[in-house]
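Please look at the structure shown below and follow how a briefing on its inside and its surface is built up, point by point.

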Amino acid sequence: MSESENDNHGVETANKRPTPDPHGQAAMLLVETLLHGLIERSVITVADAIGFAESAADVREEVGLELSETPDAMMPSLTILRSIASSLRFDLNGQPLKSVD
């Protein structure tokens, strides 16, 4: 079978994950570190930080809907923001709390 007739051609490429955005990774790490630092210094409460992360997710979703983005386009950033909120919920009581969505 020639390469042009190979049904598996392109499968490897389709399964590769996109290269992470270094700017986005640095920004998210900085924000999460900042939230934890503010909590440690008693500038904000864990509940405040959870509220910030949830608000950011809500705004991201609203903006995405206004721009007619697909759920697939919004999901990566929403997942990150919700993961931060979940991590903070764990800090609140030592166990994850259910969201009040």
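Ile 44 lies in the loop between α2 and α3, where helices (H or I, at least four residues) are DSSP runs numbered from the N terminus. This is a predicted model, in which local features need pLDDT of at least 70 and side-chain atom pairs count only at pLDDT 80 or more, while totals for chains, interfaces and linings use all residues. Residues are numbered from 1 along each chain as its sequence is written, and side-chain values use heavy atoms, with hydrogens and water left out.

**Ile 44 and its surroundings**
- Ile 44 is buried, because its relative accessible area is 13%, and buried means under 20%, exposed over 50% and partly exposed in between (1.4 Å probe, protein chains only).
- Leaving aside neighbours within four places in sequence, Ile 44 is in contact with Leu 35, Leu 38, Ile 39, Ala 49 and Phe 52, where contact means heavy atoms within 4.5 Å.

**The largest nonpolar core**
- Ten residues make up the largest nonpolar core, namely Leu 35, Ile 39, Ile 44, Val 46, Ala 49, Ile 50, Ala 53, Ile 84, Ala 85 and Leu 88; such a core is a set of buried Ala, Val, Leu, Ile, Met, Phe, Trp, Tyr and Cys residues joined through side-chain atoms within 4.5 Å.
- Two or more residues of this core come from each of α2 (22-40), α3 and α4 (71-93), and α3 gives the most, with four residues.

- Val 59 is found in helix α3 (residues 46-66), and Val 59 counts as partly exposed because its relative accessibility is 48%.
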